[in-house]
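Thank you all for coming.

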Amino acid sequence: MATVTTASRRQGRGGRERILAAAAQLFASQGINATGMEQVAEQAPVSKRTLYAHFRTKSDLVIAHLQDLASTGRTLESALTREDVPARARILGLFDQPAADAAPVRGCPFIDAAAEFPDPQSAVHSYAREQKLLMVRLVTALVTELGCRDPAALAEQLVTLADGAASRAMVLGDADYGRHARAAAEVLIENALPGTS
């Protein structure tokens, strides 16, 4: 009897959080499209009814997963919003090695999601695009704060480096791959500062 009570209590409390945790683990290990909703429910563990009460569609779950990653600072962009860090260090933080417990190396979750939902009209692709546009706005504000020339163009160059490094890190399984892009970013920033030609 105690087992039934414990199981039902586990199913009823914190269901949404368990679903998101299960989705994050499954999406990272096998991809979004390869992960079925039943598999997420089983991993959570929650009933399918609970799963669909929280997330009516898989797209809803994917967007909530991406929002959770962003709000908890588990994306590249989180380095850009740290007000306790100087602007230049925030930009270069885009290229830092992820935490040791971040295995497997997955690259940018927004790029991954957009690739798995290629229709630009899909809700997931649209959300991923908005996050990538937010990233460039944040970098533009930081390079403007530094006084860099042509901040919009510089920001595009820096985010392209960051996204490219994240993608190559995932493909090569090298969590520290960002060191190469960081070296290039330092040169770009230095050359754009006032007093340099």
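I will begin with the chain as a whole, and then turn to the details.

Please keep in mind that this is a predicted model, in which local features need pLDDT of at least 70 and side-chain atom pairs count only at pLDDT 80 or more, while totals for chains, interfaces and linings use all residues. Residues are numbered from 1 along each chain as its sequence is written, and side-chain values use heavy atoms, with hydrogens and water left out.

The chain has 10 helices and zero strands, where helices (H or I, at least four residues) and strands (E, at least two) are DSSP runs numbered from the N terminus. Of the 197 residues in the chain, 38% are buried, and by buried I mean under 20% relative accessible area, with exposed being over 50% and partly exposed in between, using a 1.4 Å probe and protein chains only. Among the contacts with a separation of 6 or more, 65% are between residues 24 or more positions apart, a contact being heavy atoms within 4.5 Å.

Let me now turn to the helix pair. Helix α8, residues 123-146, packs against helix α9, residues 151-172, at an angle of about 125 degrees, and their axes are 8 Å apart; these axes are lines fitted to C-alpha atoms, for helices over the stretch in contact, and the angles run from 0 to 180 degrees between N-to-C directions. That makes α8 oblique to α9, since angles under 35 degrees count as roughly parallel, over 145 as roughly antiparallel, 65 to 115 as roughly perpendicular and the rest as oblique. On the α8 side the residues that meet α9 include Met135, Val139 and Val143, and the α9 residues they face as a group include Leu154, Leu158 and Ala162.

Which residues does Val136 contact, leaving aside its neighbours within four places in sequence? Val136, which is found in helix α8, is in contact with Ala155, Glu156 and Val159. At 10% relative accessibility, Val136 counts as buried.

Is Arg90 buried or exposed? With a relative accessible area of 12%, Arg90 is buried. Not counting residues up to four places away in sequence, Arg90 touches several residues, including Leu80, Glu83, Leu142 and Glu145, and the C-alpha atoms of Arg90 and Leu80, 10 residues apart along the chain, are separated by 5.0 Å.
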